[in-house]
Each structure stands twice: as C-alpha cells, then as structure tokens.
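Here are my notes on the entry, as numbered points. Please read them alongside the coordinates.

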Amino acid sequence: MADCIFCKILDGEIPSAKIYEDEDVYAFLDISQVTKGHTLVIPKQHTENIYNTDSEVAQKVFARVPQIANAIKQTYQPKGLNLLQNNGEFAGQSVFHLHIHLLPRYDKDKDGF
Ligand code: 5GP
Ligand code: ZN
C-alpha cells in the first residue's frame, strides 16, 4: 500500500530492527520504545485493522505471537509482557496497518507506561 509506513518497512524502503520474519509475518522493534524490547508484529499482507482483516491473515499473525514473545523473553528477560492492539484513531491507532504491540515489563517501568 503506497502511503503505508509499515508496507515501506516490509519493502525495505524504511529500515527496521527485525525480531522475526517468515513468509506471512514480520516483527520489528517499535521506533519509540515504550519499554526495552517493545515490538510490533504485523502481517505482510496490508490490512488496516482488526475490522477488515480476514481470519486467515489474523490466524497467521496471532499464531506467531507465542514464539515471538518467547524470543523477547529470552533476549530482554522482562518480568512480564503486555499485548496491545489498537483499532481506529479513537482507540489510539496511528499507523493503519494491523499490528500487535508486545510490551515487555520490568521492575522500574511503572511510570513509563
Ligand atoms: P499504534 O499507535 O498505531 O497502535 O502504533 C503504531 C506504532 O508504530 C507506534 O508505537 C509508533 O512508535 C510505531 N512507529 C511509527 N512509525 C514507525 C517507524 O517508522 N518505524 C518503527 N519501527 N515504528 C514506527
Ligand atoms: Zn501497510
């Protein structure tokens, strides 16, 4: 999709720090790290948000989350991990390519989140 930042990341037009990749799914560090290891998981197929994502695409993205969560756990050793997925501007969505936030949590991050 022409004006989509995440499609540009997928095309390599915008650099990103890769965490995971396969045929259908890409995960990379969020540019503004709310906590260390803050990661976004996206489908390679452009879809705006949960409302217009077909279940096959959703299944692929969500199915990879446990594996990616474990990779984050191993690398960053957080005390916990939040999943967050915003749909629509009102709900805080700012990039309109479906994505799941994986937010590692640490002892002293209470004020930063
Ligand atoms: P949303 O607010 O839509 O749920 O989340 C969008 C996220 O994308 C934000 O946390 C924002 O920091 C991240 N983001 C926006 N532009 C870029 C970019 O160019 N590169 C990376 N890695 N993350 C981005
Ligand atoms: Zn896109």
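Which residues are the closest to ligand 1, and how many surround it?

1. Ligand site. This is a predicted model. In it, ligand 1 is surrounded by 14 residues. Ile31, Ser32, Asn86, Ser94 and Val95 are the closest of them. Sorted by class, the shell around ligand 1 contains seven nonpolar residues, six polar ones and one charged residue.

2. Annotated position. UniProt, in an unreviewed entry, assigns the feature "active site" to His99. The annotation may be inferred rather than shown by experiment. His99 sits in the loop that runs between β4 (80-84) and β5 (100-105).

3. Is His99 buried or exposed? His99 counts as buried because 23 C-beta neighbours fall inside 10 Å, and the cut-off for buried is 20 or more. Leaving aside residues up to four places away in sequence, His99 touches Phe6, Leu40, Val41 and Ile42. Val41 and Ile42 are also among the residues with the most contacts inside the largest nonpolar core.

4. Core. The largest nonpolar core comprises 16 residues, and those with the most contacts inside it are Tyr26, Ala27, Val41 and Ile42. At least two residues of this core come from each of α1 (5-10), β2 (25-29), β3 (39-43), α2 (55-76) and β5. The largest share, four residues, is supplied by β2. As general background, nonpolar side chains in soluble globular proteins tend to be buried together.

5. Strand β2. Which class, buried or exposed, do most residues of β2 fall into? Four of the five residues in β2 are buried, and the strand is mostly covered. Ala27 touches Ile19, Tyr20, Thr39, Leu40, Val41 and Ile68, again not counting residues up to four places away in sequence.

6. Pairing of β1 with β2. Strand β1 (residues 18-21) runs antiparallel to β2, and three bridges join the two. Within this pair, Lys18 is opposite Phe28 of β2.

7. Pairing of β2 with β3. How many bridges link β2 and β3? There are five, and the pairing is antiparallel. Val25 has Pro43 in β3 as its bridge partner.

8. Points to check together. When looking at the model, I would view β2 with both of its partners, β1 and β3.

Terms used
Residues are numbered from 1 along each chain as its sequence is written. Chains are lettered from A and ligands numbered from 1 in the order in which they are written. This is a predicted model: local features need pLDDT of at least 70, side-chain atom pairs count only at pLDDT 80 or more; totals for chains, interfaces and linings use all residues. A residue is buried if 20 or more other C-beta atoms lie within 10 Å of its own, exposed if 12 or fewer, and partly exposed in between; C-beta atoms are placed from the backbone. Two residues are in contact if their C-beta atoms, placed from the backbone, lie within 7 Å. A nonpolar core is a set of buried Ala, Val, Leu, Ile, Met, Phe, Trp, Tyr and Cys residues joined through C-beta atoms within 7 Å. A residue is near a molecule or strand if its C-beta atom, placed from the backbone, lies within 6 Å of it. Ala, Val, Leu, Ile, Met, Phe, Trp, Tyr, Cys and Pro count as nonpolar, Asp, Glu, Lys and Arg as charged, and the others, Gly among them, as polar. Two strands pair if DSSP finds at least two bridges between them.
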